Amino acid sequence: MQSLLAPIRPRFTSLRFLTTFRAFSSSSSSSSSDYSNQSRGGLPRFFSERLPSSKGGLVRVQDDEFWHMTKVLRLRANDRVELFNGKGGLVEGVIQTVDRSGLDFMALEDPKVVLPQSTQWHVFAAFGTLKGGRADWLVEKCTELGAGSVTTLLTERSPSISGNRLDRLQRVNMAAAKQCQRLHEMVLNPPMKIDGILPLVAQSKLSFLAVAEATPLVTALTSSGRETSGLIVVGPEGDFTEKEVNELIKAGCISVGLGPHRLRVETATVALLATLMLWSDSQETCAS
């Protein structure tokens with residue numbers, strides 16, 4: 001699928017839908033089968049858009065990560081840590097110097113580049129009006145479970161989300177990525193209206209729409225082939241309008257049910273994503 005959406009992080013200027021990957025010219029590459037091993041390190045891990053290009057190279061760490069390293073974890077010169085760039089790049093190194101504005105990190109090895117997993121489920125959920133930390137929880141769990149991206153869906157019953165809240169969700173996303181040791185960041189896209197998602201549904205080979213009393217998800221999966229990527233669409237509190245449901249189904253969404261009970265937006269999103277991630281993993285295991 002073509003890259004159609006721009007992530008919220010303002011420093012990223014390229015438009016993208018699927019997580020992109022760029023290798024360092026001097027770094028070593030690892031296959032996707034190594035993803036699990038490479039993503040679980042024993043050292044504290046921190047985010048940096050820039051990584052040293054080779055062993056002995058230096059990079060400056062400032063702002064939030066500098067604060068976390070020195071004020072929260074109280075790391076000092078000569079402590080060993082890892083840096084990752086959210087695009088699969090990972091390097092082990094040492095804190096060389098610390099001053100008032102930042103610290104210098106020196107690589108003890110050439111950076112590794114780990115390819116992204118082939119499973120890519122993209123979440124479109126109408127969570128803009130959720131309160132009490134529920135949106136934070138939704139984004140955090142989508143990051144941990146391995147969603148490729150999350151997009152706030154704007155609907156008739158959930159028409160907006162504040163810009164300040166989007167900034168907070170990006171911080172939640174990055175904190176969750178570090179906690180679960182995910183090497184490829186989950187893209188947090190700008191909000192999108194229903195008419196914006198329809199072309200994406202039409203292009204996707206598999207799109208699931210959470211609808212009450214629809215065909216159970218597991219039943220739908222038995223006839224969906226071996227696709228391990230696609231879209232997940234979840235409506236707002238009060239659900240989609242009948243018109244919105246009809247438009248999504250007409251575009252190509254498969255309506256699926258998640259059990260006999262009424263679920264919150266965040267519960268439905270996580271239940272659907274978790275099931276699809278486990279199913280995709282089983283499909284890849286069988287294929288290999």
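1. Start with helix α4: its buried residues (buried means under 20% relative accessible area, exposed over 50%, partly exposed in between, with a 1.4 Å probe and protein chains only) pack against β2 (45–47), α2 (63–72), β4 (80–84), α3 (134–145), β9 (149–154) and β10 (187–193). Contact here means heavy atoms within 4.5 Å. Helices (H or I, at least four residues) and strands (E, at least two) are DSSP runs, numbered from the N terminus.

2. A word on what you're looking at. This is a predicted model, where local features need pLDDT of at least 70 and side-chain atom pairs count only at pLDDT 80 or more, while totals for chains, interfaces and linings use all residues. Residues are numbered from 1 along each chain as its sequence is written, and side-chain values use heavy atoms, with hydrogens and water left out.

3. Back to α4 itself, which covers residues 163–179. Its 17 residues reach 25 Å from first C-alpha to last, close to the expected 24 Å (1.5 Å times one less than the number of residues). Its buried residues include Leu166, Leu169, Val172 and Met174, along with Arg165 and Lys178. After the helix comes Gln181, with a positive phi near 60°.

4. Now its neighbour α3. The axes of α3 and α4 come within 8 Å and cross at roughly 35°; axes are lines fitted to C-alpha atoms, for helices over the stretch in contact, and angles run from 0 to 180 degrees between N-to-C directions. Among the residues that meet are Val139 and Thr143 from α3, and Leu169 and Ala176 from α4.

5. The sheet is an open one of six strands, ordered β10-β9-β8-β12-β11-β13, with parallel pairing. Two strands pair if DSSP finds at least two bridges between them. β10 and β13 (254–256) are the edge strands with a single partner each, so one side of each has no neighbour in the sheet. On average, neighbouring strands are turned by 25° against each other, direction ignored. α4 packs on this sheet, touching β9 and β10, and its direction makes about 145° with that of β10.

6. Finally, take a look at β11 (residues 207–210). Ser207 and Leu209 point one way, Phe208 and Ala210 the other, and all are buried. β11 pairs with β13 over three parallel bridges: Leu209 has Ser255 as its bridge partner, and Ala210 stands opposite Val256. β11 also pairs with β12 (residues 229–234), again parallel and over three bridges, and there the bridge partner of Phe208 is Ile232.
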